[in-house]
Amino acid sequence: MDIQMELYRVFYSCAKHLSFSRAAEALFVSQSSVSQSVKNLEKQLGVGLFIRTTKKVQLTSEGASLYEHVRIAFEQIKAGEEELLSLQNLEAGTLRIGVSDTLSKYFLIPHLQTFHMAYPKIRIHIVNQPSPKSVASILSSEIDVAIVNLLEDMVNPLLSVHTLTTFKDVFIAGDAFSALKDQSLSAQDLLALPLISLEQNSTTRRFFDMVFSSLDSPLIPEIEIGSVDLIIELVRIGLGIGFVPAYTLPTHSAVFPLTLNFDYPSRAIALIYRKSDYPTAPVKKFSEIVQNHAFF
């Protein structure tokens, strides 16, 4: 049975107030309009809903039974509207952020602190994972927003992509390779050295492979590991040459960047979320904070 919701709204108000005139005032319509709506509903349902007398209005047994269901429905609608309002006002809700370990440490934390101080009632769920996995998680709606090391093949028409900054990667060495400080190295020179890289599922490793592939020099690292900070530590103790984002170096004075006689592109860090006409309030505010603050 397909009955207009408006008729139920009028019935709910009449049953709640047990007065057609008070229902009309609450609904900002005429009393005759209320009476006509009730008659239409009774006709469509085939039962009487109210007992009308000159002094008062009472629910019939059928009307009382229907009212219990309608009351619950309208109270749930009101609760839903209030919950949505709380979400829009950032008084409730959850923000799921995908980010790699490196970007968490060197980029996310200060922005996360700013967001939390401004909107302390928003629960934050951090999913630490490589950038390609974060892209997949956005597309599958497992997370709401991500900060990623961006490569061209990660761009998708379903994603809203906001470039935050660009950076260079550097090859680094420790004291065990101090003789390299005054040298200008070729790709072949680097390949003759023990190289330390991230694992193959990371964006940095994919970029690293692309750099050498473009130079017709296949890359075979001696050590593969899952953390940029661990690469720096292994370089520091002399296990080999590392490849890391330049922004990770200022706190590591025991290592130094190598000079090269070839160049390779800069990379971008981007904020991404799924395209929508109505992105959630936490996503919008987090995006604004990240885009309006300095990178490092």
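This is a predicted model: local features need pLDDT of at least 70, side-chain atom pairs count only at pLDDT 80 or more; totals for chains, interfaces and linings use all residues.
Okay, now the nonpolar side. The largest nonpolar core has 33 residues, and Phe-171, Phe-212 and Tyr-264 are among those with the most contacts inside it. Helix H8, residues 203–214, and strand E7, residues 169–173, are among the elements giving two or more residues to this core. Which element gives the largest share? That's H8, with four residues.

If you click on Phe-171, you'll find that it touches, among others, Leu-190, Phe-208, Ile-241, Phe-256 and Tyr-264, leaving out residues up to four places away in sequence. And there's a second, separate core of 24 residues, which includes Leu-103, Leu-108, Tyr-119 and Val-145.

Back to rings. The count of aromatic pairs comes to 18. Take Phe-20 and Phe-50: their centres are 5.4 Å apart and their planes are at 85°, so we call this pair edge-to-face. Phe-20 is in helix H2 and Phe-50 is in strand E1, 30 residues apart, so to speak linking distant parts of the chain. Are they buried or exposed? Both are buried.

Last pair: Phe-115 and Tyr-119 have ring centres 5.4 Å apart, but with planes at 50° the pair counts as tilted. Phe-115 and Tyr-119 are both buried too.

Technical notes. Residues are numbered from 1 along each chain as its sequence is written. Side-chain values use heavy atoms; hydrogens and water are left out. Rings of Phe, Tyr and Trp (its six-membered ring) pair if their centres lie within 6.5 Å; planes under 30 degrees apart count as stacked, over 60 as edge-to-face and the rest as tilted. Buried means under 20% relative accessible area, exposed over 50%, partly exposed in between (1.4 Å probe, protein chains only). A nonpolar core is a set of buried Ala, Val, Leu, Ile, Met, Phe, Trp, Tyr and Cys residues joined through side-chain atoms within 4.5 Å. Contact means heavy atoms within 4.5 Å.
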